[in-house]
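Biologist: Please show me the model, and then let us go through some of its local features.

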Amino acid sequence: MIPNQMSFTSLVKLKAASNAAALQEHTVLSWLNEQQTHLSESPLPSAILVPRQAVGVALKRMALDAGRALFNVHVLTPGQLRTRLSKTVALDESIAVREDLRLLMRYAAQQMVTEYPEAQLIADNPDQLLNAWDRYSAAGYTAKAIESKLFQGIVQDTELLVKQAGLETVYERDRKLIKEPFDYPLFADMLVYGFGAEQMEQINLIHAGLESSVLGTMCFCLGKQSKEETVWISEWEKRYGSYIQEQEASVSIPLKSLSESIVASSKRCNEVSYPVAFYGYTHLCQEAKAAVIHASKILESSPNARVGIVIPVNSVLSREICSELSKQGLPHHDVKGSYEGPDIEQRALLAWAQWQESPKVNHFFEFLNYLKQLDLASFEVIEKIRRSVDNAFLLLGVDDFNILQFYLIEDLKKNAGVINLLQEWSLLPEKNSLEDFISVVTPVLKRFQLQKRWDNDAEYTLPLQRTLKSNVSRSHFIHWFRERLRTPGRTRQSLGRAVFSNIQVVDYESAAYFTFTHAIFTGLNQDGWPGDTKENLFLTHNRIRQLNLPYKNVGEEGSGYIDFSKNFIVGTEQQRILAESAWIHLLEQVSEASIFSLTIDSASESEGMKVPGDFFLKTWLAAKGSLPNEADLDALAKRGKAYVERMQPVEVPQWEDKKHCCKIWEDRRNPELSYGAYEYGYKTAPQGGLNLSAKDWEEVLSRPVSTWYKRILKAPKAKNYNELQTRSLTDGTRFHSWIELKPSNRLMATNSAGSWLENLQSNASKYRAKAERYFKAAGRNLPEWWLREWYEVLDKAHSVAQELDAVEGWDEVASEYKIPDGIQVSLEDVDGVLTLRGRSDCVFTMNGRKRIWIVDFKTGKSDLAVKGARLLKGEGLQLYLYGMALMNNFRGSESYLTILHPGDILEPKVLLPENLNEEFQFLWEELLKISSSGIIGMKSPMKNPHGIVEDLPIATTLVDGKVIEAKWQLSHPNIPVK
């Protein structure tokens, strides 16, 4: 630098060309020649300012190809230039990062919620208002430009908090840099390249950069014809005079006719001077693989080709393509890079943060699973907590850990391991100062060995800590904390760092500045490029048009230049226009061949078919003369799939049991074969047969596969605590626990057993008081829905209890009577026994237990008949088995069976063994066959879009429903399929 020189005036030239190629040939290369010529004349460096790093890479590649050196020339992005200028003029304030602004706006909005409840919308999600504030601020407007007084107030309070923290926004910094005089130049010459109307928000920074240089050159690309680009150029012309039109590039534009047709949107181009191909793919991974195959085939035929694989910004497609290139051993340049996945400690911390921000039970168990993987919690402790949570969830009916934690502490207070874990990993307070929150999370960071990473960031949080001294909500802090921790730099695989490789993986925004012979345009779906262009609620399209009205006639002949006090605003509507202009410009940069691709079908059935984007449709229309229909898209998908399979056949792995596995696969789909050992059954018959409860045997007939996983393999599906429990489950559980006599599982004389009704009233009241205690501990009242359900169940149970109290003439009674484990039940004249276990709701006996009456309580409305065709479906089978087991246990001569619903009159319905007829005998034989073989099979399809399916813990390959029915009938001929 040259210290303390007198102030200077920068001399800036404006250069324009019809396209990027002409700019590179006549402006950029000439400018580089001048820098090398004048290298000895000035000790100052020169600079090239580019909008993003990718454009700088393209420029360096172009200079290398032309044999131009970049000695003493610095290629800078806006962020790098801003840092240099700020240091030069000694601006003390730090620039607020996005995470900090989001936290401050949440805080400002939260303070207004009491007076203005609508402010909660911003406290929960400030992004739209924050984005609108950015646009207003970049254009020179204050918060008063926002039409709503409430949202004006939130922005003004946020601005005040930013100042109190000693911070400033990036646009405030840029305006300061214009006002601060430079006593001496930083650069001998500056070339501003690659900027257009989409960078309108950078206008003040670019101006400050040019003013910091002795000489300056501003480049414009006239090929991007739009009103916005005209305004952009006029803004610079009013500062530095008219631009100089460069000559046309010496290279031709093969796709000129196609791009002109896209602009016209109504005519098909007459001819295209090089191949243009369209492909569709059934999933994203297939599209990535095809892009790599295309690139490798191009380089095989043309080793000097320059292939551009163009991807939407922040698309997963980029990572998949670069991964596939690395697998194939192809050096390439991953221009954008991708974020590296977090290690297990980081994932554990993020799971902890997710639970703190949203204290739901599912999030709590996700976090506990990470603790188990890191050996910070044992499996036994976690299972104890899980069982206690299941009980708490049933009692309270909520998945809010703020409430459930009080149940856990009381229920497991004697278990030191559980209590220590709950205390060590407790919830943060609902509100606190930012400093106190950070002090509490510091031990958490140490446990996950992430303290060093936070220490590197902690210095920048001190201004915020001094400002937010109280009333910071836990969710807002955690949201900010999580954003701070998961802002890693982008990384590239080793083969993706070949900057000057012949394969460049580049985003659409930057691709126009590269010179490609072949381009593969990927991800051209509706959600691809230009991404989200939804209207901002706080800066609508109409509002932008209104504010931009003074620019309406800019660029028209005779309009002249107006000294506007505010800048032009580029909103989502303008971004869309600019993106289309950039797309057309991009097509014209490719010299030999272009391939256009998109994903036709989504991997997720819930998302359905993915929609082609506007740019794909317009390009197709220009090339084909009509828009693609469904048949065209199907043909594209088939073409893409066939291409991948033809160019890269799938290798079938070889292993010893391949034939055996294939046979199992085929047998499972053969409708002429009954179920075998690999179809929800044992490979060899279990010794002594299956040992299931009476309820389980009932479910073997209605839900066989669920029973196999849940009861035999002991592998139930993990509980989702976000799902509301079905009323039938909660009502039934409460009903049975309230109506039971004490002590349960004991036959007592009926005259000394007590009143069912009195027991019901006592048990229900205790149940309610217990739930109320935990809600109060969390500062809540019992919800109205909870009380309503409690009264409904009590009313149902009251009806049943009255009927039970009215029973006369029976000697003994028991509730929740347990059948002796392992009891074996047989049927006369049928060989074989069934091993049972279970618990009956109510049992009466008389005549020395020779006569037994079993009553089963049901809270549902359906009247299940425990005989006939419904019995073959499993309905009522549980009660039959109870009756047979207790007759066997008591050596009784007969057993009465009754299913009692609320409102029913209690009386014996079915008499055993009288109803153990020939029809039941067929069913019994099937049960014995299942028990002895250990083979259950499946009864219904795994997927049914129009009905209930079995709840399974693992993914299962599909089998045709008709095949399932045929195999069930072969395996269990006496049990109907439906």
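**Loops and helices**

Modeller: Pro-743 sits in the loop between helix H30 (727-739) and strand E20 (748-749); helices (H or I, at least four residues) and strands (E, at least two) are DSSP runs numbered from the N terminus. This is a predicted model, in which local features need pLDDT of at least 70 and side-chain atom pairs count only at pLDDT 80 or more, while totals for chains, interfaces and linings use all residues. Residues are numbered from 1 along each chain as its sequence is written, and side-chain values use heavy atoms, with hydrogens and water left out.

Biologist: What is omega for the peptide bond that joins Lys-742 and Pro-743?

Modeller: Most peptide bonds are trans. The bond between Lys-742 and Pro-743 is cis, with an omega of about -10°.

Biologist: Is Asn-745 buried, partly exposed or exposed?

Modeller: Asn-745 is in the loop between H30 and E20, and its phi is positive, near 60°. Buried means under 20% relative accessible area, exposed over 50%, and partly exposed in between (1.4 Å probe, protein chains only). Asn-745 has 33% relative accessibility, so it counts as partly exposed.

Biologist: How far apart are the end C-alpha atoms of helix H26 (residues 630-647)?

Modeller: The expected span of a helix is 1.5 Å times one less than its number of residues. The 18 residues of H26 should therefore span 26 Å, and this agrees with the distance between its end C-alpha atoms, 26 Å.

Biologist: Which exposed residues are on the face of H26 turned away from its buried side?

Modeller: The buried residues of H26 are Leu-633, Leu-636, Ala-637, Gly-640, Tyr-643 and Val-644. The face turned away from that buried side carries the exposed residues Lys-638 and Arg-646.
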